[in-house]
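Got the sequence and the 3D view open? Let's walk through them together, one question at a time.

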Amino acid sequence: MIDLVTMIIAAVVLAAVPASTSDDAPLLIISGGGGPPDNAINHLHNVQWVEQLWTGRGRVWSLVADGTDPTPDAARAVPPTADGVDYWLQRLLIGSWPILEFVNSTSRSLHGPATINALQQWVAGEGATLAAGTVLNVYVTDHGTRNDKESEIVLWGENIGAAEFARVLNGLPEGVGVRLIMAQCYSGGFVDTVHRLLDQGRTACGFFSTLPDRLAAGCRYDPAGAAYNEFTTAFFEQLFGVRRIGAADVEDSGESVASYAAAFANLGQSLETIDIPNRSADWMSIQGELEPTWTVDPSNPDELPTMAVDPVAGRLDELDLAIAEDLLVRFPWLMYPYQDGFTALYDTNRARIKAFIAGHQSFPEIQKLEKLYDQQDRVMYQKEQRAAQQLRQQFREPGTPGGARQMAIGADAAGRMLACENAAPPGK
């Protein structure tokens, strides 16, 4: 944690570190999604909502899915048909339990695809127009993953890790800072990006949805009309004094905050999700040279069970695979839904496909296990919420399980980081 000495030093440095001005708070939004059908529609809704919030506060660019390609690339759930054939085909052949339809990602700020090449081009082009003293806000609403070494953002058809992300962003003009706001799984690992940018002399900070080894809430295929209760919504509601209504609408909350850090602090214990928000200051302390040494104690007895292999879910996967393999032997053309004449074949064979699935030897066991899985899923989610709430509290207390972390940082870098966190929201 940042100690009193750090705060005193940072207060002196703070006045010398320029931050974003209200008329120039640039925002770059990144939302890859991996590819259909993994690219859940709520990510696109987050893009559209945040760009709307940012209107009049600064320039906005977004790198979303496949960019300007008109091919449908975002998946959303639709009501099942009466006979349920569509549901079973998608579940068996795509591995998606909701019935999905695909729409093209569009946004007012759409600049290009969410790829490493497009990000590099943006940095070399639009990014090069940013003036020294500006702090670029980088908002990521996406899937995240983690390899053995670092957290990664799932872009469109590829991933980018924390170190590579820092390398690309370091191509911005000298004197341009970076503020990360990240909602994806394992997002806390991108404190390494912050550290690397600070090490290069930049102003940098980050606000993250969860810890480096944890999943985050989100990835909804059916967000229309559903309650949004995850990091993105909570953070931006606090930052701009609004309440989110549905996918993209807002109403004033009558509340306001003085800084990004204050918006983060207001998240508190109110989140009813598995998110465990953390910020760059949570990971850093003055200890000589700039060397990353953060850790998360894996011995926490209340560790979230999200990654555990569930026997019921595993057996359901096995049975689904068995039916899918037999289904393709009987109807091999189902593997090619975009071929000419597919719709006619599908309509003609719909009743036969339904009868084949219902008559498969694995189908009765699937029906029994589904009920058990639903019961376990509800209990598991309640446990995850309780464990997350406990971990959120523990993370604020160094020395407790889940609270062991540190990243050595110099006084000057601490000042730049705190200036970035304590800057006023855009428009103030």
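Predicted model: local features only at pLDDT ≥ 70, side-chain atom pairs only at ≥ 80, totals over all residues.

Q: What is the strand order in the open sheet of 7 strands?
A: Helices (H or I, at least four residues) and strands (E, at least two) are DSSP runs, numbered from the N terminus, and two strands pair if DSSP finds at least two bridges between them. The pairing in this open sheet is mixed, and its order is S5-S2-S1-S6-S10-S11-S14.

Q: Which strands stand at the edges of that sheet?
A: An edge strand here has a single partner strand, so one side of it is left without a neighbour in the sheet. The two are S5 (110-112) and S14 (278-279).

Q: Over how many bridges do S6 and S10 pair?
A: S6 covers residues 135-140 and S10 covers residues 177-182. Val135 stands opposite Gly177 in S10. The two strands pair in the parallel sense, over 6 bridges.

Q: At about what angle does helix H2 run to S1?
A: Axes are lines fitted to C-alpha atoms, for helices over the stretch in contact (heavy atoms within 4.5 Å), and angles run from 0 to 180 degrees between N-to-C directions. H2 (residues 41-53) lies across S1 (27-31), S2 (60-64) and S6. Its angle to S1 is about 170°.

Q: Which strands does helix H5 touch?
A: H5 (residues 162-169) packs on the sheet, and its direction makes about 145° with that of S10. The strands touched by H5 are S1, S6 and S10.

Q: Is Ala65 buried or exposed?
A: Ala65 lies in the loop between S2 and S3 (74-77), and its phi is near 45°, a positive value. Buried means under 20% relative accessible area, exposed over 50%, partly exposed in between (1.4 Å probe, protein chains only). At 0%, Ala65 is buried.

Methods:
Residues numbered from 1 in each chain as written. Heavy atoms only, no water.
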